[in-house]
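Please keep the sequence and the structure in view while reading.

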Amino acid sequence: MNEKMSELFQSDLPCASAQEEFDRCTFDVPFGAVDTHAHVISGSELHPFAVDRSYTPPPAPEDKYLEMLDALQMTYGVLVQVSVYGTDNSCMLEVLKRHPNKLRGIAVVSPDITDKELEALHQIGIRGLRINVLFGGGVGFSVMERLADRIKDLGWHMQFLLDARNLPELMPRMIKLPVRGVIDHMGHLPVATGIDDKGFLALRRLVTDHDYWVKLSGAYRISEKTESYDDVMPFAQTLINDAPEHMLWGSDWPHVAQNQTPNTGKLLNLLADWAPNSEIRDRILVSNPALLYGFPRN
């Protein structure tokens with residue numbers, strides 16, 4: 001192992017285990033509910049990690065993922081290519097192939113991917129590409145226009161893992177993309193910045209004016225209250241009030257790059273507080289993701 005590689009492994013962030021308990025849901029989860037954001041990590045040498053990753057996670061295998069969906073009463077799930085695999089989507093694709101009626105996926109690819117390869121991904125269940133500028137191993141903004149042009153005829157969207165504080169600078173480019181956009185984890189914006197932060201205001205404009213969608217996920221990544229996440233409520237409710245038709249919910253299981261594993265059931269129960277109206281909640285869980293990912297409608 002060379003010196004650079006050694007430094008990388010020594011600086012790996014701790015990561016939560018895929019093992020956890022789930023609180024029982026405090027509301028009736030409707031049939032057709034979708035967890036729009038989770039990852040699978042095989043732990044096998046057949047799926048090597050990217051050298052430029054930011055952390056080294058423990059395994060989060062297919063069976064544990066499916067158990068999580070069942071525990072949360074999710075009918076469907078969306079797997080997102082985890083950054084530690086770079087552009088090698090094979091681990092996720094193997095799972096998608098085994099569950100074509102239950103799962104969809106978001107891939108990470110090079111802009112040099114061929115049309116034939118993109119079509120093959122579509123047949124397996126991929127419905128979007130991820131731009132990731134927060135963790136090593138991802139694909140960044142330098143290629144987003146090229147990738148968006150490549151996927152527009154497939155009806156895919158582009159998903160962004162970013163810090164919303166950078167949105168004012170990025171918006172002029174993002175609003176010109178010929179595809180829908182999805183923002184991970186409510187913009188990954190620390191709650192300490194406040195709802196009047198320019199980045200959060202830009203996020204709201206993307207949602208209301210430019211056909212962007214937001215994942216109501218990762219509350220524990222932005223909260224300063226690690227037990228209750230109460231401080232996230234103003235952000236989530238503002239986004240829901242702005243555009244309930246553009247909101248999605250995701251577990252963010254298995255909660256990578258964290259010191260402690262949050263209770264995934266508790267994270268789902270936050271939705272009851274953020275969206276106390278059951279019709280809006282059902283929209284977030286069922287009809288919105290059905291439209292975006294192509295799941296069967298009830």
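## The start of helix α7

At the start of α7, a side-chain oxygen of Asp197 comes to within 2.7 Å of the backbone nitrogen of Gly199. Such a polar contact is a pair of N or O atoms within 3.5 Å, where, within protein, one atom must be able to donate a hydrogen and the other to accept it, and where residues adjacent in sequence count only if both atoms are side-chain atoms. The model is predicted, and for that reason local features need pLDDT of at least 70 and side-chain atom pairs count only at pLDDT 80 or more, whereas totals for chains, interfaces and linings use all residues. Residues are numbered from 1 along each chain as its sequence is written, and side-chain values use heavy atoms, with hydrogens and water left out.

Helices (H or I, at least four residues) and strands (E, at least two) are DSSP runs, numbered from the N terminus. Helix α7 has twelve residues, 198-209, which should span 16 Å at 1.5 Å a residue, and the 16 Å between its end C-alpha atoms agrees with this; the expected span is 1.5 Å times one less than the number of residues.

In α7, the residues Gly199, Phe200, Ala202, Leu203, Leu206 and Val207 are buried. These residues lie on the same side of α7, because the arc that they cover around the axis is only 155 degrees, the arc being that of the directions from the helix axis to the C-beta atoms. Buried here means under 20% relative accessible area and exposed over 50%, with partly exposed in between (1.4 Å probe, protein chains only). On the face of α7 turned away from the buried side are the exposed residues Lys198 and Asp209. The buried residues of α7 pack against α6 (167-174), β6 (181-183), β7 (212-216), α9 (233-242) and β8 (247-249), a contact being heavy atoms within 4.5 Å. After α7 comes Asp211, with a positive phi near 55 degrees.

## Asn89 and helix α3

Asn89 sits in the loop between β2 (76-80) and α3 (90-98), and its relative accessibility of 7% means that it counts as buried. Not counting residues up to four places away in sequence, Asn89 touches Gln81, Ala107, Val108 and Val109. The C-alpha atoms of Asn89 and Val109 are separated by 8.2 Å, although the two residues are 20 residues apart along the chain. A polar atom of the Asn89 side chain lies 2.9 Å from the backbone oxygen of Val108, and a polar atom of that side chain lies 3.1 Å from the backbone oxygen of Thr87.

## Loop residues

His188 belongs to the loop between β6 and α7 and is buried, with a relative accessible area of 17%. Not counting residues up to four places away in sequence, His188 touches Leu134, Leu161, Leu162, Asp163, Arg221 and Ile222.

Most residues other than glycine have a negative phi, and most peptide bonds are trans. Tyr229, in the loop between α8 (219-222) and α9, has a positive phi near 60 degrees and is buried at 7% relative accessibility. The loop between β8 and α10 (264-274) holds Pro254, and the peptide bond from Trp253 to Pro254 is cis, with omega near 5 degrees. Ala257 lies in the loop between β8 and α10; its phi is positive, about 60 degrees, and its relative accessible area of 13% makes it buried.

## The chain as a whole

The protein chain contains eleven helices and eight strands. For 298 residues, a compact globule would have a radius of gyration near 19 Å, and the 18 Å of the protein chain agrees with this; the radius is taken over C-alpha atoms, and the globule rule is 2.2 Å times the number of residues to the power 0.38. Along the principal axes, the C-alpha atoms fill a box of roughly 55 × 40 × 40 Å.

Of the 298 residues, 57% count as buried. Among contacts between residues at least 6 apart in sequence, 77% join residues at least 24 apart. The chain exposes about 12800 Å², of which carbon and sulfur atoms supply 48%, with areas from the Shrake-Rupley method and a 1.4 Å probe; for residues, only the protein chains shown count as cover.
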